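Colleague: I would like to learn how to read disulfides in a model. Can we go through an example?

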Amino acid sequence: MSSRRAKAAVATGGVVLATGLVAGGVALASGDDSTPKQASPVAAQNASAAAMPMFRLPFPCGQKWRGDTVASSAHTKYEIDWNQGPDLSNVDEGRTVVAAAAGKVIRSTHHVNQSGYGNHVVIQHSGGYQTWYAHMKYRSVKVGQTVKAGQKIGAVGHTSRPGNNITSHLHYELRKNGQYPPVAAYFDGKRFSYPAPRPGKTLTSHNCGGGGSTSTVEKICGSGFKQIDKHALGKAATIYLGYNKGNKQNCVITVKPKKGSKTAMSATLQVKGAKAKTDKGNFTWYAGPVKAGAGSKCVIWGGSVGKSSWKSKYSHCG
């Protein structure tokens, strides 16, 4: 939570501590609301990446999100608030949150007391690490459930304690051995860039392992996008056209069957009456996503891999 969203004192287990969450070096244990645990000073320092699981951004593959670690009154420096859309708005409400790595759900609850986390999920990972996801609109997993990396666990929201009028965002923490304060977060093996003042540091999600029945289009284009067409470039790649009824956007991606060496690839989308938009480069897996608002307008879509290319005529006109 942050000062821009509402100033609040938060505790992990339903007990309000002074702003900053830790009083006298005591933090609550992650699984017991009544038992205090001494937080080692080492826990607040940089965690060793060597023993960590491979954590990835807690959002679907290909999406870009901004992590803010500074504009926050109740945070330590290693807590991250994530937004995708404009800051200080609720446009991210309902967007998919996924597990940063494989693990077991040890908490899935909605705090109605003064904790401030609202709907939140805690996942236990190997090496004693835990990931915390707070303020969610809803939770999609239960305690005791095993989840895969990239599996949906809930949606971005703005749930919190009564009277705490925050805007939609995902509050994310990485903890070691259940202790507070959290440790520095890593994504794709790289330490997150601290400090990250508002509006935050932007990262692209490579959380592409999947989980459940999420389609290729939804994984890469984002929550709400459904495949409406595709065209195969032999066995080298497939061009997908997706559409989101919610925001009336189309999305084009060119995807190889699996990750490999870098290959020249492209994805193109043109809405009738507008200029074409193209993502082009050397990629290990896919080109795109290329998105544009279309509504009832016709679109041209296509892509390439290596020397093979294809482009449609105007189609999908509403």
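This is a predicted model: local features need pLDDT of at least 70, side-chain atom pairs count only at pLDDT 80 or more; totals for chains, interfaces and linings use all residues.

Colleague: What is a disulfide, and how many does a search of the whole structure find?

Modeller: A disulfide is a covalent bond between the sulfur atoms of two cysteines. Here the search of the whole structure finds 2 disulfides.

Colleague: Which residue forms a disulfide with C221?

Modeller: The partner of C221 is C251, and their sulfur atoms are 2.0 Å apart. C221 lies in helix 1 (residues 216-221) and C251 in strand 18 (residues 249-255), so this pair ties together parts that are 30 residues apart in sequence.

Colleague: Is the link of C221 and C251 left-handed or right-handed?

Modeller: The link is left-handed, with -80 degrees about the S-S bond. As for accessibility, both C221 and C251 are buried.

Colleague: Which residue does a disulfide join to C298?

Modeller: C298 is joined to C317, with 1.9 Å from S to S. C298 lies in the loop between strand 21 (286-293) and strand 22 (299-305), while C317 lies in the segment after strand 23 (308-311), so the pair ties together parts that are 19 residues apart in sequence.

Colleague: What is the handedness of the disulfide of C298 and C317?

Modeller: The torsion about its S-S bond is about 110 degrees, so this disulfide is right-handed.

Note on methods: Residues are numbered from 1 along each chain as its sequence is written. Side-chain values use heavy atoms; hydrogens and water are left out. A disulfide is a pair of cysteine sulfur atoms within 2.5 Å. Helices (H or I, at least four residues) and strands (E, at least two) are DSSP runs, numbered from the N terminus. Buried means under 20% relative accessible area, exposed over 50%, partly exposed in between (1.4 Å probe, protein chains only).
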